[in-house]
Amino acid sequence: MNKTKIILAAIGGVCGVAALVLAYLIWDGLSQQDETREELETMRDAIVKHVKAAVKPVKSSVDAIEEQRKAYAEWTVEAQALAVRGDKQFEPTSEAAFKQFMVAEAHRLSELPGGVEGKLVKAGFPFGFQQYILDGAMPPAADLKKLQRQWDDVTTVVSTLANSGIYELVSITIKEGASAAPKAEEAQQGRNANRRNRRQPKREVAQQKESDDEPDVTVMAVEFLTRPAGLVATLNSFAVNERFCVVDDFRFVREKDDLLEALGGEKKTEAVQPASRGRGRGRRAAFVQEEEQQDDDDEISKKGQLVTDPLKASLLKVGMTVKIYDFKSLGAPASEKED
């Protein structure tokens, strides 16, 4: 190969490389242009979406949102103040003093007016704390603070029912339990949690803070007898009670069927006759049943139209679950802080 061919080959190679570089630059530029166009379309769609939205990004909308934010903040403060208005704090006490207080209060509650010989409850009613009021057990010192709150909530519910004019308080049970003895499973879970928390002190602090912020809740299952007016008065009283009361669920039935009783009680159903008895006896049984039915109809027609009096109707048997919240807004008692 002579010198001229070598020079031409070198020039051709340089031109080829330059062409490849130029092609890459053109391809890269077009790609960036496509990406920029897609970003522009996305931004344009977002702007159109905001402009066409119900709340347009203008000053009047911003001012309206700010006014609503302020109104919501004021409502939140008022709602919180309304919810915590019934919060209570209890002074430290001893086991014997608290037991004596419970027994005296139980006697007072037993004297509230009702339909059981003029009283709200029957004699020896335990008010959900039979082990302390009737069985002679001493409340444990470790649970005094919780027991004070639960007993106060029980007296609140019982007083509300009495003031609503119910006939009889049949039962009241604290679902969470008033016993201080922890279950074996809960104790084991507590030990496992303590071991985990020792390895994670930050989580322990966070969990403790979250637990302190949660409200105390007393859950009670209540059963009582009342007339419809007493049930309505009870629900209204819980709704406006100073304590934060929630009727979680309730159910009611008539203690007895007044209409069925007025008609003479349940009719006896005819026993099914075996097939081997024959058709003759079946016809005789059917004839007897028709005669009895006719006699009942004649008796009703003689008495005339049935009339029921709501004021004399049988009582309603009501069961409900009541939750009473304490949001700890008052903190610890002064004597407890000094200690």
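Reader: What should I keep in mind about the numbering and the model?
Author: Residues are numbered from 1 along each chain as its sequence is written, and side-chain values use heavy atoms, leaving out hydrogens and water. Because the model is predicted, local features need pLDDT of at least 70 and side-chain atom pairs count only at pLDDT 80 or more, whereas totals for chains, interfaces and linings use all residues.

Reader: Why is T156 called buried?
Author: Buried means under 20% relative accessible area, exposed over 50%, and partly exposed in between, with a 1.4 Å probe and protein chains only; T156 has 13% relative accessibility and therefore counts as buried. T156 lies in helix α5 (residues 144-163), a helix being a DSSP run of H or I with at least four residues, as a strand is a run of E with at least two, numbered from the N terminus. Leaving aside neighbours within four places in sequence, T156 is in contact with K88, N241 and R243, where contact means heavy atoms within 4.5 Å.

Reader: What makes β2 an edge strand?
Author: Two strands pair if DSSP finds at least two bridges between them, and six bridges join β2 to β3 (residues 216-226). In the open sheet, ordered β2-β3-β5-β4, β2 (168-174) pairs on one side only, as does β4 (244-254), and both are edge strands.
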